[in-house]
Amino acid sequence: MTIWANTSPAIYFSTSVALKNGIRYVCDPDFHMMNSSMNLVDIASKYILLQPSRKALKGKCPFHKDETTSLLIIPQSNVFKCFGCGAEGGPMEFLMRIENKNRTKVIADIAEKTFPK
Ligand SMILES: [Zn+2]
């Protein structure tokens, strides 16, 4: 388990905040845990238009110059896969790629939205 001290900028996340000696800590900000606590369809649909396709959703991949709809999102598994450029992952990977941020920055931004100052 990784414990990050409540340093500045404050990093909070709703499902993983614990109190220790009156200080709020983020406990185990595990990548997969964060992935599973976010809805990929909600996130992706802010950036791209998604169309239903059988049990999945498809859309133009934002990670390469996509003339067709190469990006597939499987809501049941909360994952995406592009058959054009090979991009794949969950909500965290999507956010990291589309906003060109590293993992720490993505977590910090989510935390800021979850716990506005
Ligand atoms: Zn692609």
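Visitor: How many helices and strands are there in the protein?
Guide: There are four helices and eight strands; helices (H or I, at least four residues) and strands (E, at least two) are DSSP runs, numbered from the N terminus. This is a predicted model: local features need pLDDT of at least 70, side-chain atom pairs count only at pLDDT 80 or more, and totals for chains, interfaces and linings use all residues. Residues are numbered from 1 along each chain as its sequence is written.

Visitor: What pattern does the protein follow along the sequence?
Guide: The pattern is β-β-β-α-α-β-β-β-β-β-α-α.

Visitor: Which strands are in the open sheet, and in what order?
Guide: The order is 4-5-6-7-8, five strands with antiparallel pairing; two strands pair if DSSP finds at least two bridges between them. Strand 4 (51-53) and strand 8 (88-89) are at the edges with a single partner strand each, so one side of each has no neighbour in the sheet.

Visitor: How many bridges pair strand 4 and strand 5?
Guide: Three, in the antiparallel sense, with strand 5 covering residues 56-59. Ser-53 is opposite Ala-56 in strand 5.

Visitor: Now helix 4. Which residues are buried there?
Guide: Ile-107, Ile-110 and Ala-111 are buried. A residue is buried if 20 or more other C-beta atoms, placed from the backbone, lie within 10 Å of its own.

Visitor: Where do the buried residues of helix 4 fall, seen down its axis?
Guide: They fall within an arc of 100°, so they line one face of the helix. The arc is that of the directions from the helix axis to the C-beta atoms.

Visitor: And what share of the protein's 117 residues is buried?
Guide: Buried residues make up 18%.

Key:
A residue is buried if 20 or more other C-beta atoms lie within 10 Å of its own, exposed if 12 or fewer, and partly exposed in between; C-beta atoms are placed from the backbone.
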